[in-house]
Amino acid sequence: MKWSAMNWRAIGTLALLCGALLSGWMMWQQRDRGTATGPIGKRPDYVLHDFQATVLDEGGRESFTVVAPKLERDPDVRTMQIATPEFQIPPREGSQASAWTINSQSGWVSEKADEVRLLGGVRAQSANADGKPIKIVTEELNVFPDARRATTASQVTLTQPGLILNGRGLDADLDAKRITLKNDVKARYERAAP
């Protein structure tokens with residue numbers, strides 16, 4: 001049997017078509033392997049591990065410093081998600097107030113770093129004008145570092161030497177150490193040890 005050039009061309013074309021279909025099918029089967037889940041636009045544009053960062057306000061002064069094991073930045077809205085952060089919020093320049101240290105299970109920082117939302121096991125600590133410790137414990141706290149303010153609508157425990165206050169809702173001036181509990185406030189006084 002003789003094969004004409006036309007038959008060889010037809011066989012070659014058919015073989016190339018089969019190869020292309022097989023390659024396309026194999027690529028289709030591999031498309032989900034090794035890719036992140038969720039929309040591609042939701043991948044962070046950068047991730048930091050075991051880091052310390054100091055954020056400056058618009059005037060170039062320290063707004064806050066954060067230390068954490070992981071930070072992810074969302075490229076679409078330019079906000080940051082932080083795992084188990086520790087924030088150091090210094091007093092205003094020239095103020096005699098002491099810095100605040102605030103820990104939580106997670107944190108979110110706005111695009112301009114003028115708002116920090118802390119969630120889960122929030123503990124804020126500082127010292128009053130007499131150098132005595134102040135501690136705030138709550139499940140969520142919104143901190144505005146440039147304004148040196150903090151707020152929450154959640155249950156709060158405020159502890160100072162000799163006094164424990166429990167209530168719901170808080171508004172705090174972090175520099176003046178003026179803390180207001182808004183609702184359902186209960187106080188317990190403890191005698192100082194001699």
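Trainee: Where is the place of leucine 14?

Mentor: Leucine 14 sits in helix H1, which covers residues 5–30. Keep in mind that this is a predicted model.

Trainee: Is leucine 14 buried or exposed?

Mentor: Leucine 14 counts as exposed, because its relative accessibility is 51% and the cut-off for exposed is over 50%.

Trainee: Which residues form a nonpolar patch on the surface with it?

Mentor: The patch consists of Leu14, Leu17 and Leu21. Together they have about 320 Å² of accessible area.

Trainee: Let's step back. How many helices and strands are there in the protein?

Mentor: There are one helix and eleven strands. Along the sequence the pattern reads α-β-β-β-β-β-β-β-β-β-β-β.

Trainee: And what share of the residues is buried?

Mentor: Buried residues make up 31% of the 194 residues. As for the surface, the protein exposes about 12,800 Å². Carbon and sulfur atoms supply 54% of that area.

Trainee: What about contacts between residues at least 6 apart in sequence? How many of them join residues at least 24 apart?

Mentor: The share is 37%.

Trainee: On to the strands. How do S1 and S2 run?

Mentor: They run antiparallel. S1 spans residues 46–56 and S2 spans residues 62–73. Ten bridges join the two.

Trainee: Which residue in S2 stands opposite histidine 49?

Mentor: Lysine 70 does. Lysine 70 also meets glutamate 72 in a salt bridge, at 3.2 Å from N to O.

Trainee: What lies between the strands of the S1 and S2 hairpin?

Mentor: Five residues lie between them. In this hairpin, glycine 60 takes a positive phi near 85 degrees.

Trainee: Which residues other than glycine have a positive phi?

Mentor: Arginine 78 is one of them, with a phi of about 60 degrees. Alanine 113 is another, with phi near 60 degrees. For background, most residues other than glycine have a negative phi.

Trainee: Where are arginine 78 and alanine 113 found?

Mentor: Both are in loops. Arginine 78 is between S2 and strand S3, residues 80–83. Alanine 113 is between strand S6, residues 106–109, and strand S7, residues 116–127.

Trainee: Is alanine 113 buried or exposed?

Mentor: Alanine 113 is buried, with a relative accessible area of 8%. Arginine 78 counts as partly exposed, at 45% relative accessibility.

Trainee: Back to salt bridges. How many does the count come to?

Mentor: Seven. One of them joins aspartate 45 and arginine 73. Their closest N and O atoms are 2.3 Å apart. The pair links distant parts of the chain, 28 residues apart. Aspartate 45 is in the loop between H1 and S1, and arginine 73 is in strand S2.

Trainee: Why does arginine 73 count as buried?

Mentor: Its relative accessible area is 16%, and buried means under 20%.

Trainee: What does arginine 61 meet in a salt bridge?

Mentor: Arginine 61 meets aspartate 57, at 3.6 Å from N to O. Arginine 61 counts as partly exposed, at 42% relative accessibility. Aspartate 57 counts as buried, at 18%.

Trainee: Now the inside. Which residues in the largest nonpolar core touch the most other members?

Mentor: Phe64, Phe87, Trp100, Ile102 and Val143 do. That core has 32 residues.

Trainee: Take phenylalanine 87. What does it touch?

Mentor: Leaving out residues up to four places away in sequence, its contacts include Phe64, Val66, Ile82, Trp100, Ile102 and Leu118. Thr65 and Thr101 are also among them.

Trainee: One more. Where is the place of alanine 68?

Mentor: Alanine 68 is in strand S2. At 5% relative accessibility, alanine 68 counts as buried.

Trainee: What is alanine 68 in contact with?

Mentor: Beyond its neighbours within four places in sequence, alanine 68 is in contact with Asp50, Phe51, Ile82, Ala83, Thr84 and Pro85.

Trainee: And how far is alanine 68 from serine 106?

Mentor: Their C-alpha atoms are separated by 9.6 Å. Along the chain, the two are 38 residues apart.

Key:
Residues are numbered from 1 along each chain as its sequence is written. This is a predicted model: local features need pLDDT of at least 70, side-chain atom pairs count only at pLDDT 80 or more; totals for chains, interfaces and linings use all residues. Side-chain values use heavy atoms; hydrogens and water are left out. Two strands pair if DSSP finds at least two bridges between them. Helices (H or I, at least four residues) and strands (E, at least two) are DSSP runs, numbered from the N terminus. A nonpolar core is a set of buried Ala, Val, Leu, Ile, Met, Phe, Trp, Tyr and Cys residues joined through side-chain atoms within 4.5 Å. Buried means under 20% relative accessible area, exposed over 50%, partly exposed in between (1.4 Å probe, protein chains only). Contact means heavy atoms within 4.5 Å. Accessible areas come from the Shrake-Rupley method with a 1.4 Å probe; for residues, only the protein chains shown count as cover. Patches are made of residues with over 30% relative accessible area and no salt bridge: like charges are joined within 9 Å, nonpolar side chains (Val, Leu, Ile, Met, Phe, Trp, Tyr) within 5 Å. A salt bridge is a side-chain nitrogen of Lys or Arg within 4 Å of a carboxyl oxygen of Asp or Glu.
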